[in-house]
Amino acid sequence: MADVKYVCDQDILCGVRVPKDLKTMTELEQKHVPVITAPDKVTRGETFLVTVEVGKYKTHPNEPAHFIEWVELYSGDTFLLRISLAGSLSDPKVTVPVRLTHAHGPLKAWAKCNMHGLWEGLKDIAIED
Ligand SMILES: [Fe+2]
């Protein structure tokens, strides 16, 4: 994770949380960072699958009082989709078809935990014409 985001250490619901170092993540970071699986390179206009999973490194609770509310996916800052999750009735892992026509930048996922706020994961992707 190259980007350093502003976070208010006084309130976990403030800002977007990004692990400082993927190799030394805290347990909280391991449970919340959305992990993106996608090809390293695609052709512009080609449809490909993107998987976003929360809790890949350490399982996140998935119960009525503590769950991942939704996942959003972007290409750079271009919004692609939002998927709402139903807590204990749906796992925090989604796979969706994506087709990039004019978007640029790395794939970016945001995941919202109802107790621990907003978390970001990134994945570089090359888009060839
Ligand atoms: Fe959480």
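Modeller: What follows is an account of strand β5, residues 68-75, and its surroundings.

The model is predicted, so local features need pLDDT of at least 70 and side-chain atom pairs count only at pLDDT 80 or more, while totals for chains, interfaces and linings use all residues. Residues are numbered from 1 along each chain as its sequence is written, and side-chain values use heavy atoms, leaving out hydrogens and water.

Start with the sheet. Strands here are DSSP runs of E with at least two residues, numbered from the N terminus, and two of them pair if DSSP finds at least two bridges between them. Five strands make an open sheet of mixed pairing, in the order β1-β9-β8-β5-β6. At its edges stand β1 (16-17) and β6 (78-84), each with a single partner strand, so one side of each has no neighbour in the sheet. Strands β5 and β8 (residues 107-113) run antiparallel and are joined by seven bridges.

Ser-75 is buried, at 0% relative accessibility; buried means under 20% relative accessible area, exposed over 50%, and partly exposed in between, with a 1.4 Å probe and protein chains only. Contact means heavy atoms within 4.5 Å. Beyond its neighbours within four places in sequence, Ser-75 is in contact with residues including Leu-80, Leu-100 and His-104.

Next comes the interior. A nonpolar core is a set of buried Ala, Val, Leu, Ile, Met, Phe, Trp, Tyr and Cys residues joined through side-chain atoms within 4.5 Å. The largest has 23 residues, of which Ile-36, Val-50, Val-52 and Leu-73 touch the most other members. Two or more residues come from each of β4, β5, β7 (93-99) and β8. Not counting residues up to four places away in sequence, Leu-73 touches Ile-36, Val-50 and Val-52, among others. A separate second core of five residues includes Trp-70 and Trp-110.

Last, the rings. Rings of Phe, Tyr and Trp (its six-membered ring) pair if their centres lie within 6.5 Å, as stacked with planes under 30 degrees apart, edge-to-face over 60, and tilted for the rest. The whole structure has two aromatic pairs. Tyr-74 and Phe-79 form an edge-to-face pair, 5.6 Å centre to centre with 75 degrees between the planes. Tyr-74 is buried at 11%, whereas Phe-79 is partly exposed at 45%. The charged end of Lys-108 sits over the ring of Tyr-74, 4.9 Å from its centre; this requires NZ of Lys or CZ of Arg within 6 Å of the ring centre and within 35 degrees of the ring normal.

Technical notes:
Helix = DSSP H or I, 4+ residues; strand = E, 2+ residues; numbered from the N terminus.
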